[in-house]
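The exercises below are for a reader who is meeting this structure for the first time. Try each task before reading its solution.

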Amino acid sequence: MSAKIYTRTGDDGTTGLFLGGRVSKADALVDAGGDVDEAVAVLGVARAGCADRALAEEVLRLQRDLFVVGADLATHPERRHHLTDGVSRVTGEMVARLEALIDALVAERPLRPVFVVPGATATGAALDHARTVVRRAERHAVGARAAGHTVGAEALMYLNRASDLLFVLARGAAGEVDEPPSHD
C-alpha cells in the first residue's frame with residue numbers, strides 16, 4: 001500500500017513549520033515560503049526550455065538554493081540551531097556567490113540603460129517571471145519579519161541578490177533582441 005499524499009492536518013487552515021509547530025496558512029511567512037516554492041517551479045519552466053547547458057545548470061543551482069531559502073524561512077524559530085549551513089540555512093557564502101556571478105556576467109555583457117519588455121525568448125521570459133516571484137518572496141519575507149517572525153538576514157539578502165541575478169540571466173537569455181520595439 002502506498003502512502004497517501006494528504007494528511008488532513010491542514011484542513012484547519014494551518015500548515016506545519018520545519019522542525020515542528022504550526023502557523024496559519026494566511027501568515028506572511030507562509031506567503032514568503034509559497035512564493036519561494038513558486039519561484040522554484042517557474043525556474044523549472046525556464047530550465048525545461050533552455051538550450052544553453054551552462055544557463056540550465058545555473059538555473060538548477062538557483063532552484064536548489066531556493067530550497068535552502070524555503071527551509072530557512074519555514075523553520076520553527078526555537079529550533080533554528082538544528083539547521084545546517086547551505087542545506088537548510090542560508091549563508092553569507094551563498095549570497096557572495098551570487099554577487100560574484102552577477103559581477104562576472106555584467107562584466108561579460110554590460111547591461112544597456114534601456115527599458116526591457118520581457119518576452120524576446122521563452123527562456124528569458126520565464127527567467128523574468130521567476131525574478132518577479134522572487135521579488136514578491138522578498139517582500140513577503142520582509143513583511144513576516146516586520147510581523148515578528150524570525151527571518152534570517154542572509155535569507156533576505158539571498159532573495160534580493162537572486163532577483164538581481166535573474167534580471168541579468170534574463171537579459172542574457174534574451175540575447176540582442178531585448179530592445180523595446182520602435183514606434184516608427
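**Exercise 1.** Find which helix gives the largest share of the lining of the largest pocket, and describe that lining.

*Solution.* The model is a predicted one.
Step 1: α5 gives the largest share of the lining of the largest pocket, with 4 residues.
Step 2: At least two lining residues come from each of α2 (53-73), α3 (92-108) and α5 (153-174).
Step 3: The lining of this largest pocket has 15 residues, and D52, L55, L105, L169 and G172 are the ones that lie nearest its centre.
Step 4: Sorted by class, the lining of the largest pocket holds 9 nonpolar, 2 polar and 4 charged residues.
Step 5: The volume of the largest pocket is about 320 Å³.

**Exercise 2.** State the volume of the second largest pocket, then work out what lines it.

*Solution.* Step 1: The volume of the second largest pocket is about 260 Å³.
Step 1: This pocket is lined by 17 residues, with V30, G33, G34, G70 and A74 closest to its centre.
Step 2: β1 (14-16), α1 (28-48) and α2 each contribute at least two residues to the lining of the second largest pocket.
Step 3: The classes in the lining of the second largest pocket are 11 nonpolar, 5 polar and 1 charged.

**Exercise 3.** Check the end-to-end span of α1 against the value its residues should give.

*Solution.* Step 1: α1 has 21 residues, and at 1.5 Å a residue they should span 30 Å. The expected span is 1.5 Å times one less than the number of residues.
Step 1: The end C-alpha atoms of α1 are 30 Å apart, so the two values agree.

**Exercise 4.** List the buried residues of α1, say what covers them, and examine the start of the helix.

*Solution.* Step 1: Buried in α1 are L29, A32, D35, V36, A39, V40, V42, L43 and A46.
Step 1: Among the elements covering these buried residues are α2, α4 (122-146) and α5.
Step 2: Where α1 starts, D27 has a side-chain oxygen within 2.8 Å of the backbone nitrogen of L29.

How values were computed. Residues are numbered from 1 along each chain as its sequence is written. This is a predicted model: local features need pLDDT of at least 70, side-chain atom pairs count only at pLDDT 80 or more; totals for chains, interfaces and linings use all residues. Side-chain values use heavy atoms; hydrogens and water are left out. On a 1 Å grid over the protein atoms alone, a cavity is a set of points where a 1.4 Å probe fits but cannot get out, and a pocket is an open set with protein on both sides within 12 Å along at least five of seven lines; lining residues have an atom within 4 Å of a point. Grid points are joined across faces, edges and corners, and a volume is the space filled by probe spheres set on the points. Ala, Val, Leu, Ile, Met, Phe, Trp, Tyr, Cys and Pro count as nonpolar, Asp, Glu, Lys and Arg as charged, and the others, Gly among them, as polar. Buried means under 20% relative accessible area, exposed over 50%, partly exposed in between (1.4 Å probe, protein chains only). Contact means heavy atoms within 4.5 Å. A polar contact is a pair of N or O atoms within 3.5 Å; within protein, one must be able to donate a hydrogen and the other to accept it, and residues adjacent in sequence count only if both atoms are side-chain atoms.
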